[in-house]
Amino acid sequence: MTFYLKPLLGSCPLSQLVSSSCARLSYLHLLDQQRDSLDCVPEKVVASGQFYEEVVYGGGGSQWDRLSHFTLLVAASLDKEFRQFWVEMECLLFNYRLEREMTGKEVISSVRRLWRHLGEFQESVGGEVWGEVLSSVKEVLGDGLLQHWVDCRETNCSRGRALVPFAMVLPLVRERRVVLSLGRAEVTCTLVQSTLGCIFRKIITTKLDILRTKDKEGQPTMVQRVWNGSLEGGNIRTCFGQILSQFRGDKIVAGPGRVVGRITANMVEDLVKHFPPCMSLLYRKLKKDKKLKHNDRFQLSLFLKDIGLGMEEQTKFWAGIYSRYKTGGTGTGGNLWDDRRAKYSYGIRHMYGMEGKRVEYKSRSCRGVMEGSGENL
């Protein structure tokens, strides 16, 4: 278990950063679907066919677990809807690990490490924002309360008396589960797990506030400047665009009792019923004719990208359909895809910001598609 206070240092290929973040996002969606039956999560993971490797397994703290967490943290600072989802799901994942994956020794070690890092943070510029968190962690560690909680087997143990700032445990205050005195909330053994969850929530929301706060001169932060295109060539912005596109796409895929993962090429057929009319019509025309004119193909590709179809899956999608369009042996491969593979593959990479000017393209509105097409859509 980790509280993700200190990010990793070093470098990492953007492609790996995005893939690990998308794997984590897929897992968070799965937890969201199973929040009322978390004991079934391992079974659902197997059924989903997803391979999460070290991104989320093993209680957290691995290289890819931390990288994917901090990448999604930055993405959450850019989008309000994603921010709300991400905070709730990271808190759910934290509690899932705390209850099911961590040993008592690992929990104590993690909290002690958090206390040490908070001390370093508080001594730095702007470190005062961590004061209440540090005070709370010190109280939970004090007088052996955390050790007692780890060893305790009683369901409603009232031993211990950690006094933490009431603002740190507002959910417990709202539920009237703590006694308040002089701005402090009394935490006993039975409330330690909930308190750790509140501490974790405070840490990630504080980090989000820092990322979203403009500097003293009212200028956007570096993250905001990258996102609005005023800083950096576009590669990083494209990567975060892919993550947010998957988030929007996963929301479309989600349904009652269904395991959620990233959109793949073979899912598109089932998702057509959710498409807006203009995109649904383009897809039906593609299925019938096995090809589209350039503008129509471009607009459908952008729409699929925006709902979460990744670059590799987009390539599989068009290869699967265009390979059915036979060219009568006039080309090298006998079908449209093989004859023009280099052209179409380059176009897809360009659309995802991996070629050319490396800019991020957005799909047009339905009216824009109709006005730009020579046909009555």
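**View 1. Phe-200, a buried residue of helix H9.** Phe-200 has a relative accessible area of 0% and is therefore buried; buried means under 20% relative accessible area, exposed means over 50%, and partly exposed lies in between (1.4 Å probe, protein chains only). The residue belongs to helix H9. Helices (H or I, at least four residues) and strands (E, at least two) are DSSP runs, numbered from the N terminus. Phe-200 and Phe-94 stand 106 residues apart in sequence, and their C-alpha atoms are 7.8 Å apart in space. The model is predicted, so local features need pLDDT of at least 70 and side-chain atom pairs count only at pLDDT 80 or more, while totals for chains, interfaces and linings use all residues. Residues are numbered from 1 along each chain as its sequence is written, and side-chain values use heavy atoms, with hydrogens and water left out.

**View 2. A network of salt bridges that includes Arg-24, Asp-65, Glu-90 and Arg-97.** A salt bridge is a side-chain nitrogen of Lys or Arg within 4 Å of a carboxyl oxygen of Asp or Glu. Side chains of opposite charge can pair when their charged atoms come close. The count by this rule is 14 salt bridges. In one of them, Glu-90 pairs with Arg-24, and the closest N and O atoms are 2.8 Å apart. Glu-90 is in helix H4 (residues 80–100) and Arg-24 is in helix H1, so this pair ties together parts 66 residues apart in sequence. Glu-90 counts as buried because its relative accessibility is 1%, and Arg-24 is buried with a relative accessible area of 0%. Asp-65 forms a salt bridge with Arg-97, where the closest N and O atoms are 2.8 Å apart. Since Asp-65 lies in helix H3 and Arg-97 in helix H4, the pair joins parts that are 32 residues apart in sequence. Asp-65 and Arg-97 are both buried.

**View 3. The salt bridge between Glu-186 and Arg-161.** The N to O distance between these two side chains is 3.0 Å. Glu-186 is in strand E3 (residues 184–187), and Arg-161 is in the loop between helix H7 (145–151) and strand E1 (162–165), so the pair ties together parts that are 25 residues apart in sequence. How accessible is Glu-186? Glu-186 has 23% relative accessibility and counts as partly exposed. Arg-161, at 51%, counts as exposed.

**View 4. The largest pocket and its lining.** On a 1 Å grid over the protein atoms alone, a pocket is an open set of points where a 1.4 Å probe fits, with protein on both sides within 12 Å along at least five of seven lines; lining residues have an atom within 4 Å of a point. The volume of the largest pocket is about 1,100 Å³; grid points are joined across faces, edges and corners, and a volume is the space filled by probe spheres set on the points. The lining has 38 residues, and Pro-7, Leu-8, Phe-70, Val-74 and Leu-211 are those nearest the centre. Two or more lining residues come from each of helix H1 (14–33), helix H3 (63–76), helix H9 (192–212), helix H10 (222–227) and helix H11 (235–253). H3 gives the largest share, seven residues. By type, the lining has 28 nonpolar, eight polar and two charged residues. Here Ala, Val, Leu, Ile, Met, Phe, Trp, Tyr, Cys and Pro count as nonpolar, Asp, Glu, Lys and Arg as charged, and the others, Gly among them, as polar.

**View 5. A nonpolar surface patch of Phe-166, Leu-170 and Leu-180.** Together these residues have about 260 Å² of accessible area, which comes from the Shrake-Rupley method with a 1.4 Å probe; for residues, only the protein chains shown count as cover. Patches are made of residues with over 30% relative accessible area and no salt bridge: like charges are joined within 9 Å, and nonpolar side chains (Val, Leu, Ile, Met, Phe, Trp, Tyr) within 5 Å. Leu-180 sits in strand E2 (residues 179–181). Leu-180 counts as partly exposed, at 48% relative accessibility.

**View 6. Tyr-4 and Lys-290, two residues with positive phi.** Most residues other than glycine have a negative phi. Tyr-4 has a phi near 55°. Tyr-4 lies in the segment before H1 and counts as buried, at 2% relative accessibility. Lys-290 has a phi of about 65°. Lys-290 is in the loop between helix H13 (277–289) and helix H14 (294–306), and is partly exposed with a relative accessible area of 31%.
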